[in-house]
Structures are given as structure tokens and as C-alpha cells.
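This briefing covers one protein chain, shown below.

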Amino acid sequence: NFEIANYGVGGATMISTVSLAYTKTEQYSQSLSYNPDIVIIMLGTNDAAPAFVQDIPTSQQPTAFLQSATQIIQSYRNLSSKPDIFVMTSVQVLTQNSRKRLLETVFMPLQKQAAKDNSCNLIDIFAQTGNIETLYSDGLHLTDDGYRYLAGLVLNGIVDHYGFTK
């Protein structure tokens, strides 16, 4: 008996100081008002695209990412519902080599660090989405089957955390 609400925003970034920051969206405000019991945060793929975060010098992006992640996590942690928070790593990027490299070497490790530093649960889907070309429409965006696969990975992460039986 779960109710699921999706407050995702395509194109949003974790880094809060850029124009496409998730924290600047109506969906972010709505997600806080929802007062959830479980929060799943999946941000970072767009942070690995230089065009999305061009306002911040490259050397400052990791710090800005971790600070923004902490702010978002704390905003949910401070809700009266005291939700369990899961941080998800990004899906792999099969195209756009510069974004792929930044995601693999900088932002995916930062997602893991943000989860650890903030005592959040981690759902690591990065390794589980690599080189499965049928999940993607273009090497970056998932197909309907890709989203179903992703939903299964999220379900497994939640089930594993709570010890539910499948």
C-alpha cells in the first residue's frame, strides 16, 4: 500500500546555483509539501554536462555539487515526516564522451560520497545500466523498457533496505 509521487524534472541539476537547479523548480517545492516517508534523489547526470553548469568553474563543481546535495538532503530530512532518504547514482551514459567521462570519474563518485556523508541509503544503479543499449533511446535517455528496468532496480534497493520479501 504505497503511494508514489514523481517530482522529477528533466534537465535539472543538483548544483543549486545554476539556472537549471532542481531547487529552483515548482516540483521541488511540491515534493517538500508532499511530506513523504521515503525520498529518492537521482540528480547528477546533467551536472556532468558542461553546458548545464557552465556558470561554475570546473575546479569548483565538485564542492558545489556536494554542498547542494547536502542542502537538498537536509531539506527533506527536516520534514515532519522524517523520511528515509535514498540517493541514486546516475544511469550510465553510452554517448557524449565528455559527459560520460565526467559522470564516471567525478559526479557518480560524488553521488556516492553525498549519500555516505549524509548517512543516506544508496541505490547504485550505475554499474547495472552500462552497455545495455536496449535500455536507451539515444545512449543517454531511457526507453519505456529502460524506465521499467530502472524501477525494478529502485524496488530492489528499497526491498533490500527494509528487508521486505519479494
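The model is predicted. Helix 4 is the leading contributor to the lining of the largest pocket, giving seven residues. Strand 2 pairs in the parallel sense with strand 1 and with strand 3.

**Largest pocket**

- The volume of the largest pocket is about 1,700 Å³.
- Its lining consists of 44 residues, and those nearest the centre of the pocket are Asn6, Gly8, Ile40, Met42 and Met88.
- At least two lining residues come from each of helix 1 (26-34), strand 1 (38-41), helix 2 (61-77) and helix 4 (144-162).
- As a general point, empty space is found by rolling a probe the size of a water molecule over the atoms.

**Strands and crossovers**

- Strand 1 and strand 2 run parallel and are joined by four bridges; Ile41 has Val87 in strand 2 as its bridge partner.
- A right-handed β-α-β unit is formed by strand 1, helix 2 and strand 2.
- Three bridges link strand 2 with strand 3 (residues 121-123) in the parallel sense, and Phe86 stands opposite Asn121 of strand 3.
- Of the five residues in strand 2 (residues 84-88), four are buried, so the strand is mostly covered under the 20% cut-off for relative accessible area.

**Gln61**

- Gln61 belongs to helix 2.
- Its relative accessible area is 8%, so Gln61 counts as buried.
- Leaving aside residues up to four places away in sequence, Gln61 touches Ile15, Val53, Ile56 and Phe107.

**Residues with positive phi**

- Most residues other than glycine have a negative phi.
- Asn35, which is not glycine, has a positive phi near 55°.
- Asn35 sits in the loop between helix 1 and strand 1, and is partly exposed because its relative accessible area is 31%.
- Lys82, likewise a residue other than glycine, has a positive phi near 45°.
- The loop between helix 2 and strand 2 holds Lys82, which counts as exposed because its relative accessibility is 54%.

Technical notes:
Residues are numbered from 1 along each chain as its sequence is written. This is a predicted model: local features need pLDDT of at least 70, side-chain atom pairs count only at pLDDT 80 or more; totals for chains, interfaces and linings use all residues. Side-chain values use heavy atoms; hydrogens and water are left out. On a 1 Å grid over the protein atoms alone, a cavity is a set of points where a 1.4 Å probe fits but cannot get out, and a pocket is an open set with protein on both sides within 12 Å along at least five of seven lines; lining residues have an atom within 4 Å of a point. Grid points are joined across faces, edges and corners, and a volume is the space filled by probe spheres set on the points. Buried means under 20% relative accessible area, exposed over 50%, partly exposed in between (1.4 Å probe, protein chains only). Contact means heavy atoms within 4.5 Å. Two strands pair if DSSP finds at least two bridges between them. A crossover is right-handed if, with the strands pointing away from the viewer, the path from the first strand over the helix to the second runs clockwise.
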